[in-house]
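Here's a quick briefing to read alongside the model. Take a look at the structure first, then work through the points by topic.

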Amino acid sequence: MDFVDILGNIWSGFGTTAGVVALALLYGIPFALVFGTLQHELTGWRRFAVTSFIEFWRSSPIIVLLFVFYYSLPMIRIELSALAVGSMVLGMNIGGYGTQAVRAGLQALDRGQKEAGISLGLSPLQNLLLVQMPQALRAGIPTYINLLIQLIKGTVLVSLLSLADMTFRAKEIAQITFTPAPAYSALLLSYLIICYPLTILGRYLEQRHGSTERRQDV
Amino acid sequence: MFDLQFLADAFPVILESLGTTLWVTIASCALAVVLGFMLEILRRSSRQFGFVFRFVTDFIRSTPILVQIYFLYFVLPQFGVTLPALVIGVFSLGLYYSAYLAEVFKAGIDAVPRGQTEAAQSLGLRWTDQVVRVIMPQMLRHIAAPMGNYFVSLLKATPYLAVIAVPEMLGAALELGSDTFRYAEPMVATEIIFLVLAIGIAQLVRVLEIRMMRSAKR
């Protein structure tokens, strides 16, 4: 197998990788938007409940979370495919980070914006969706790009659940050919091809707009 | 069914590896700080080759940590470099996070106004005194919070080392699982331990940050 064959073989797993990213976004984006807003708006025990839920997804190692759900869900009679569990856990984890970006964006917004919305007679929901959200989200774009990179890199974990993504294919090739060097070099190159443009884009936007959230943790 | 007794029994077994997890975290953090600082200083100080160090940082950030671990673990021996899994583990975590810390140091160095260096020079301070007593303390205030976040993030990345059989907590949990054919309980126990550790350290970082900000105002 020459290097091009190996690359081709690895990229035959791209569909799975992309599928996991797409499914994870279906979990992550709504979670980030709804819970980020709730954490910003609520107070008292309601806020505490929301924060606890977010922290559960955000503060645990993603690989441990993945195993927890993969092995525990069947115990309560929930039989899900590895793809379903993997994308849910990855999506909720990245969504947990996303909530903090959404909340930070809303907090950084000038008070006058909300007050202007009120004085125009907008309902609280209209005010949020039409005035506050668009501005808050735009400010967080560099952060969202970083989170997307984080998510793409995180999909590697589904190879541990025997899903045939790019990493799984590379591991197979390394085992069959007994030469790990080309297989893993090709794998590094493949992820670089996918993520490097995003890294550059993220840095460019950050320099242009300035990061809203310098202290975001990944 | 989920066995609560087994869950309780799993804790002491997994906690035996807590020491390894913490030791790996601390060693990797130290390495990440040193490498990250070097990357940033080298990038700054060389005009012609600055882009090389920038690319190295971007390369590390654009590829998944798990793939980097596989690469170092399986490919280095092909070139005659055989290192214990623990060393590979510490090195790969340190290298990965150095790329993120380099960015933090960049922001930290940029945040100290030029006037501070000039003032220190005009006071006739030696170069070491300028850096250690004038620049570093002011820089530390800016980088403490993001650096702390990355340390927590690094702690959460240590379970990746289970894939190369470093005996940290997830490794211990997986071993317990394969011995007993029950994975759910050990995983939940690991999850709880990591959650407590990560939230605890994050709170500690927050307290330190507040205290630093207070002393900065004085």
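In chain A, 79% of the contacts between residues at least 6 apart in sequence join residues at least 24 apart; two residues are in contact if their C-beta atoms, placed from the backbone, lie within 7 Å. For chain B the figure is 77%, again among contacts between residues at least 6 apart and counting those that join residues at least 24 apart. Bear in mind that this is a predicted model, where local features need pLDDT of at least 70, side-chain atom pairs count only at pLDDT 80 or more, and totals for chains, interfaces and linings use all residues. Residues are numbered from 1 along each chain as its sequence is written, while chains are lettered from A and ligands numbered from 1 in the order in which they are written.

**Overall layout**

- Chain A has ten helices and zero strands, where helices (H or I, at least four residues) and strands (E, at least two) are DSSP runs numbered from the N terminus.
- Chain B has nine helices and zero strands.
- Along the principal axes, the C-alpha trace of chain A spans about 70 × 45 × 25 Å, and the C-alpha atoms of chain B fill a box of roughly 70 × 50 × 25 Å.
- Of the 218 residues in chain A, 43% are buried; a residue is buried if 20 or more other C-beta atoms lie within 10 Å of its own, exposed if 12 or fewer, and partly exposed in between, with C-beta atoms placed from the backbone.
- In chain B, buried residues make up 39% of the 218.

**Confidence**

- Chain A averages a pLDDT of 91, with 95% of the residues scoring at least 70; pLDDT is the predictor's confidence in each residue, from 0 to 100.
- Residues 212-218 of chain A have a pLDDT below 50, and beyond near neighbours in sequence this stretch has 26 contacts in the model.
- Where pLDDT is low, the predicted coordinates should not be read in detail.

**The nonpolar core**

- The largest nonpolar core has 108 residues; such a core is a set of buried Ala, Val, Leu, Ile, Met, Phe, Trp, Tyr and Cys residues joined through C-beta atoms within 7 Å.
- Helix 5 (residues 85-111) of chain B provides the largest share of this core, twelve residues.
- Residues with the most contacts inside the core include V89(A), A170(A) and L187(A), along with L66(B) and Y160(B).
- Leaving out residues up to four places away in sequence, L66(B) touches V156(A), L157(A), Y160(B) and V163(B).

**Where the chains meet**

- 31 residues of chain A are in contact with 38 residues of chain B.
- On the side of chain A that touches chain B, helix 4 (62-72), helix 9 (166-177) and helix 10 (180-209) of chain A each supply at least two residues.
- Helix 10 of chain A gives the most to that side, with ten residues.
- That side of chain A divides into 21 nonpolar, five polar and five charged residues; Ala, Val, Leu, Ile, Met, Phe, Trp, Tyr, Cys and Pro count as nonpolar, Asp, Glu, Lys and Arg as charged, and the others, Gly among them, as polar.

**Helix geometry**

- Helix 5 (residues 82-108) of chain A has 27 residues and reaches 39 Å from its first C-alpha to its last, close to the 39 Å expected at 1.5 Å a residue; the expected span is 1.5 Å times one less than the number of residues.
- Helix 5 of chain A is largely enclosed by the rest of the structure, because 22 of its 27 residues are buried.
- Helix 7 (residues 127-157) of chain B has 31 residues, but its end C-alpha atoms are only 37 Å apart, short of the 45 Å that a straight helix would reach.
- Helix 7 of chain B has a kink of about 50° at I143(B), shortly before the proline P146(B); the bend at a residue is the angle between axes fitted to the seven residues ending there and the seven starting there.
- Helix 7 of chain A bends by about 45° at Q132(A), and the proline P134(A) follows within four residues.

- F178(A) has a positive phi of about 60° although it is not a glycine, and F178(A) is found in the loop between helix 9 and helix 10 of chain A.
- F178(A) counts as exposed, because it has 7 C-beta neighbours inside 10 Å.
- A165(B), also not a glycine, has a positive phi of about 60° and is in the loop between helix 7 and helix 8 (169-180) of chain B.
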